[in-house]
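User: I would like to learn how to read salt bridges and disulfides in a model. Please take me through them one at a time.

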Amino acid sequence: MDLPFSRVKIMTTFYYFMLLSIANLCYASRFNLAREKIEVEKTLNLSKKIPLKSIKSPDGDIIDCIDIYHQPAFDHPLLKNHTIQMRPSYHPEKGLFGENKMFDFKARSEEDTIPIFQLWQLNGSCPEGTIPIRRTSNADVLRASSIKKNGKKKQESIPDQLSSANRTFDIQSGHEHVIAYAQGSKYYGAKAIINVWKPQIQSPNEFSGSQIWIIGGSDSNLNTVEAGWMAHPKLFGDDRTRLFTYWTSDGYHSTGCYNLLCSGFIQVSQKISLGAVIKPISSYHGSQFDITLLIWKDPREGGWWLQYWKEVIGYWPQNLFQDLALYDSASLVEWGGEVLNTQSDGQHTTTQMGSGHFPEEKFGGASFFKNIKVVDEHNSLRPPSELGTVVDKPKCYNIALGKSNDWGNFFYYGGPGRSSDCP
């Protein structure tokens, strides 16, 4: 039966507008992609500094040797007129720095040899007067949910909320922690020897890390400086174990970032690249490797300094925390592991924490922190008077505190994630 002319006209008009809408969507999609590409290129061009030398790492990273005075830190409005402090005025282990008394970080005895290194160092070194910066690629920026969020944590990634209500919110956001903490005094830094592993990461959107948090304030006024190792495919494009730092002065809302992906942290070391792969890593019941990290506040200049093994990497200037908690001191120090669980199908992630084994397996099986110390009001390193623990999901990841003459305060921690006990 023939359709009435009016009905044919209506159907033709409908299909015409439907095809037009599809065409417009395709055009808009192509336009948005093109605009995104332009914005990415613009961001990269703004972030790139002219390298005096570039080194191709065996893992594919490019390490650029950038003039120390042209590093990203000085793009921060609070640091426009900042003068680089080439070394701290005080060290919590060695005391005052000066012409007649300065700790020589280069002098090492045979038993003090660094057993762990960064992969890029196999192919070269940066000249004096420069710092090594891992080059940000187009792919790195495009993996972020937006250009502005590249290198930033989510706002809900706040590890200092110790109340049950806030911990529940943190778990619901996907961030699961196993933490030992010191609280109840003013803290001016912390130190630990951290066992290094390559945890299995289930999803590219997940990560696993082990670190030290120095914390002041709370909620939107939360201040942190952080350092440790992590495997973070979305940030770095692979699941290799890398050295990292982080900071925020407003609860991860708009300030701070990983490593040197935004302005803030001032690097002085020409030897260590933040975000670079570290080798070797520990093996299950095999050789064990660790890194030593120390964060402390310079009592004279006020910046928070970071030391990796015996190499002073740089500092977070006091100005970043103007009129905020970390301008003076920290009220909380944490050591431990964090996993981002993005699974929404009702099953827990199989992303591992630490070695991927529970603390009961101890040395060679479980991951550990040892020689845990805080910097006190006298700028001295000492064991914390008491350690508390926070464990979000003990059947998935757990912790066991300990104390010995050789290891001081320590703990084993970690776990496999999903299992018969952690469905």
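User: Does Asp-140 count as buried or exposed, and at what relative accessibility?

Analyst: Buried means under 20% relative accessible area, exposed over 50%, and partly exposed in between (1.4 Å probe, protein chains only). Asp-140 has 6% relative accessibility, so Asp-140 counts as buried. A word on the source: this is a predicted model, in which local features need pLDDT of at least 70 and side-chain atom pairs count only at pLDDT 80 or more, while totals for chains, interfaces and linings use all residues. Residues are numbered from 1 along each chain as its sequence is written, and side-chain values use heavy atoms, with hydrogens and water left out.

User: With which residue does Asp-140 form a salt bridge?

Analyst: Side chains of opposite charge can pair when their charged atoms come close. The criterion for a salt bridge is a side-chain nitrogen of Lys or Arg within 4 Å of a carboxyl oxygen of Asp or Glu. The partner of Asp-140 is Arg-134, with the closest N and O atoms 3.4 Å apart. Arg-134 is buried too, at a relative accessible area of 13%.

User: How many salt bridges does a search of the whole structure find?

Analyst: The search finds 14. One of them pairs Arg-242 with Asp-59, at 3.7 Å from N to O.

User: Now the disulfides. How many does the structure hold?

Analyst: A disulfide is a pair of cysteine sulfur atoms within 2.5 Å, and the structure holds 3. Cys-65 and Cys-126 form one of them, with sulfur atoms 2.0 Å apart. This pair links distant parts of the chain, since Cys-65 is in strand E2 and Cys-126 is in the loop between strand E5 (117–118) and strand E6 (130–134), 61 residues apart. Cys-65 and Cys-126 are buried.

User: What is the handedness of the disulfide of Cys-65 and Cys-126?

Analyst: The torsion about the S-S bond of Cys-65 and Cys-126 is about -80 degrees, so this disulfide is left-handed. For Cys-257 and Cys-262, with sulfur atoms 2.1 Å apart, the torsion is about -90 degrees, so that disulfide is left-handed. Cys-257 and Cys-262 are buried.

User: Which cysteine is joined to Cys-396?

Analyst: Cys-422, at 2.0 Å from S to S. With 90 degrees about the S-S bond, this link is right-handed. Cys-396 lies in the loop between strand E20 (388–391) and strand E21 (398–404), and Cys-422 in the segment after strand E22 (408–414), 26 residues apart. Cys-396 is buried, at a relative accessible area of 4%, as is Cys-422, at 2%.

User: What pattern do the disulfides of the chain follow?

Analyst: With bonded cysteines counted along the chain, the pattern is 1-2, 3-4, 5-6.

Notes. Helices (H or I, at least four residues) and strands (E, at least two) are DSSP runs, numbered from the N terminus.
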